[in-house]
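Visitor: I've never looked at this one before. Could you walk me through it?

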Amino acid sequence: MLDAGADGVVVPDAVALRDAVVAATEAVWADRLARSLAESRAQGRAAGVDCAVERCVALTFDDGPDAETGRLLEVLAEKHATATFFVVGRNVAARPQVARAVVEGGHLVANHTWDHPRLTTLDDAAVRDQLERTQSAVRDATGTAPTFLRPPYGDVDDRVRSLATRAGLRVELWDLDTQDWRTRDAEETRRRVAAQVRPGSVVLLHDIHGSTVDAVAGIVDDLRREGYRLVTVDLLAP
Ligand SMILES: [Zn+2]
């Protein structure tokens, strides 16, 4: 019977065990992210911003910090407007003072990977490296770590989402694509925002293009004329 009993011993399935650990870790991070987001929104409401009742819009600028980012910060400061910057880690390492100025300007800094790859084409270790190197670069430059990730090209799947969550990052895409990188035309970029914006919109722009920076003052004026409140993505209603 002893032998039979030995045969019947349940050996923990290593794969099932690993999956259980991953799921538990992910749940802890997802909970932490949800709480940090709820906290941001509560702070927003305390400061008089409630996107559940107001018409909010989030301008987002990808791929910097770059040569044009400083000029964009001046435009936003002049307009008393806030935005979200999805920064590329290696650009932060090259221009840490600009990344710091983004945060000091009251904007939200977010993760856009280390060097802009298609994340779904990378293995787990390489994805983690892209996210964590960028987190470190931003933390070193600004003293704060991002809680949002925008995958380059919007290229994301369940595996990348899970890896992002476990790196403490919530995936944030967009609903209004200005195609500013394609047209490189300030008037056209401004026109597209005005034509397509709706309450809760997340507007995709790129601060590496001078034509985009040229469009921003007009975009802010147009949105405010329509009663929109400009917010960072953490303040948008769920
Ligand atoms: Zn990008």
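Visitor: What share of the 238 residues in the chain is buried?
Guide: First, a word on what you see: this is a predicted model, where local features need pLDDT of at least 70, side-chain atom pairs count only at pLDDT 80 or more, and totals for chains, interfaces and linings use all residues. Residues are numbered from 1 along each chain as its sequence is written. A residue is called buried if 20 or more other C-beta atoms, placed from the backbone, lie within 10 Å of its own, exposed if 12 or fewer, and partly exposed in between. Of the 238 residues, the buried ones make up 37%.

Visitor: How many helices and strands are there in the chain?
Guide: Both are DSSP runs numbered from the N terminus, with helices (H or I) needing at least four residues and strands (E) at least two. Along its principal axes, the C-alpha trace they belong to spans about 85 × 40 × 30 Å. The tally for the chain is ten helices and eight strands.

Visitor: Which residues have the most contacts inside the largest nonpolar core?
Guide: A nonpolar core is a set of buried Ala, Val, Leu, Ile, Met, Phe, Trp, Tyr and Cys residues joined through C-beta atoms within 7 Å. The largest one here has 50 residues, and its largest share, six residues, comes from helix α10 (residues 210-225). Those with the most contacts inside this core are Leu-59, Phe-85, Val-87, Ala-99 and Val-109.

Visitor: What is Leu-59 in contact with, leaving aside its neighbours within four places in sequence?
Guide: Contact here means that two C-beta atoms, placed from the backbone, lie within 7 Å. With the neighbours within four places set aside, the partners of Leu-59 are Ala-83, Val-203, Leu-205 and Leu-230.

Visitor: How many buried residues does helix α2 have among its 33 residues?
Guide: Helix α2 runs over residues 14-46 and reaches 48 Å from its first C-alpha to its last. That is close to the 48 Å expected at 1.5 Å a residue, taking 1.5 Å times one less than the number of residues. After α2 comes Gly-48, with a positive phi near 90°. As for cover, α2 has hardly any, and its count of buried residues is zero.

Visitor: Is α3 roughly parallel or roughly perpendicular to α5?
Guide: Axes are lines fitted to C-alpha atoms, for helices over the stretch in contact, with angles from 0 to 180 degrees between N-to-C directions. The axes of α3 (residues 69-79) and α5 (residues 96-104) come within 10 Å and cross at roughly 15°. Angles under 35 degrees count as roughly parallel, over 145 as roughly antiparallel, 65 to 115 as roughly perpendicular and the rest as oblique. So α3 and α5 are roughly parallel.

Visitor: And α5 against α6, at what angle do they pack?
Guide: Pro-96, Ala-99, Arg-100 and Val-103 in α5 meet Val-138, Asp-140, Ala-141 and Thr-142 in α6. The axes of α5 and α6 (residues 124-142) are 8 Å apart. These two helices count as roughly perpendicular, and their angle is about 75°.

Visitor: Which bond joins Gly-64 and Pro-65?
Guide: Pro-65 sits in the loop between β1 (56-62) and α3. Omega between Gly-64 and Pro-65 is about -5°. The bond is a cis peptide bond.

Visitor: Is Asp-63 buried or exposed?
Guide: Asp-63 is found in the loop between β1 and α3. Its phi is positive, about 85°, although Asp-63 is not a glycine. Asp-63 has 21 other C-beta atoms within 10 Å, so it counts as buried.

Visitor: What about Tyr-153, buried or exposed?
Guide: Tyr-153 lies in the loop between β4 and α7. Tyr-153 has a positive phi of about 65° without being a glycine. There are 11 C-beta neighbours inside 10 Å, so Tyr-153 is exposed.

Visitor: How far apart in space are Pro-152 and Asp-115?
Guide: Pro-152 is in the loop between β4 (148-149) and α7 (158-166). Not counting residues up to four places away in sequence, Pro-152 touches His-112, Thr-113, His-116, Pro-117 and Arg-118. Pro-152 and Asp-115 are 37 residues apart in sequence. From C-alpha to C-alpha, the distance between Pro-152 and Asp-115 is 9.2 Å.
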